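Reader: I would like to learn how to read aromatic rings in a protein model. Could you take me through it slowly?

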Amino acid sequence: MRLPPLVYLLGAVSFLMDVASEMVYPLLPLFLASLGAGPGTIGLVEGVAEATASLFKVVGGRLSDRLGRRRPFLLLGYGLPALFRPLLALAQSPFHVLLYRFLDRTGKGLRTAPRDALIAESAPKEALGRAYGLHRSLDTLGATLGPFLAFLLLPLLGFRGVFWLSALPALLAFLLLFAVRETPRPPSPLPPLALGHLSPGYRRFLLVSGLFALALSSNAFLLLRLKELGLSQEEVTLAYTLYNLLYALLAYPLGGLADRVGLGRMVATGFGLYALVYLGFAWARTAFWALGFLFLYALYSAAFEGASRAYLATLVPEEAKASAIGLYHTVVGVLLLPASLLFGLLWQAFGAAAAFLTGAALALGALLLFLVDGTGRRAYPG
């Protein structure tokens, strides 16, 4: 079954925007340091950025459902990072970078739930896994190409030159959105976004995902572990690039597999793979073994990211699809901060193995909660 053209169009938009974003993101800490920012300021900038994205996801979803429109929120969400890119290229102080990151992440928050809802509304239910898998694949290909371009261009153009050039794919992504067509629904009042108004399956998956989010520490810790086990900074960067490439190549075929074997089974497999990867990073004593588990982590990412979004789309009500998706992303996003904080404190106090073992235990707990309900029966549809 062919996917609708809209899915490919939204994938192309995400590809271009991720090229633009990832040309900038790896350079920001160094650029901030060149402006006189210390580690505390850099942490503040990134903390505000990620918190902003998480909080605005439910706002974007809610407003989109209320107005019966998706496209305006895509235009706004992709337009903010594109149109305000000069603010970053011309920045003279850390505050200017903070302002840009706030606007950039506001855009990401506003667009995420309406975009995911639009994919769910346009793709056939039996092809949701492939639709989200394709989107994640193209998105991650952009995340692979962006840092590589920055690596090539930085010696030639410097920070500001790369920032200016990154505006081109961002602007192309924004312009592509004018080809998006949707069938607007009449605006309608929505009941309060309360968990009691959502399905039991959605509430259970939100609980499971909240527990799993506490295991989702930053990928920076995986890279730090590779460096601790003997890889150079350049080798770590190359390993992460290969991780992204493998993720991108696997996401679409694994999305199709999820449609065939069942979205719930693929989500459960993702939980299990994550636990296995973290057990491996706790156990590894050489960089060779850790690299093997990093590439297994790419398999987890490709299997879980698309399948979990597709599975979520089957649980949300049609009249509040973007609201429910936005609430999910906000809850999970907000929990990522304490997850990384907990992981870092455990590593600092007890060593890397204790931190990774804790993450594995939380992932296994989420898997068990996902597999059974209070009576010990299977709790998810295939």
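Reader: In which helix do Phe159 and Phe163 lie, and how many residues apart are they?

Author: Please keep in mind that this is a predicted model. Phe159 and Phe163 both belong to helix H7, which covers residues 128–176, and they are four residues apart, about one turn of the helix.

Reader: How is a pair of aromatic rings described?

Author: A pair of aromatic rings is described by two things, the distance of the centres and the angle of the planes. In this model the count comes to 28 aromatic pairs. Among them is the pair of Phe159 and Phe163, which is stacked, with 6.5 Å centre to centre and 25° between the planes.

Reader: Are Phe159 and Phe163 buried or partly exposed?

Author: Phe159 counts as partly exposed because its relative accessibility is 22%, whereas Phe163 is buried, with a relative accessible area of 0%.

Reader: Why is the pair of Phe343 and Phe356 edge-to-face?

Author: The ring centres of Phe343 and Phe356 are 4.9 Å apart and the planes stand at 80°, so this pair is edge-to-face. Because Phe343 lies in helix H13 (residues 321–350) and Phe356 in helix H14, the pair ties together parts that are 13 residues apart in sequence.

Reader: Which residues is Phe356 in contact with, leaving aside its neighbours within four places in sequence?

Author: Phe356 is in contact with Phe221, Leu222, Arg225, Tyr278, Phe281, Ala282, Phe343 and Trp347. Both Phe343 and Phe356 are buried, and for Phe356 the relative accessible area is 0%.

Note on methods: Residues numbered from 1 in each chain as written. Predicted model: local features only at pLDDT ≥ 70, side-chain atom pairs only at ≥ 80, totals over all residues. Heavy atoms only, no water. Buried < 20%, exposed > 50% of the residue type's maximum accessible area, 1.4 Å probe, protein only. Contact = heavy atoms within 4.5 Å. Phe/Tyr/Trp six-rings, centres within 6.5 Å; stacked < 30°, edge-to-face > 60°. Helix = DSSP H or I, 4+ residues; strand = E, 2+ residues; numbered from the N terminus.
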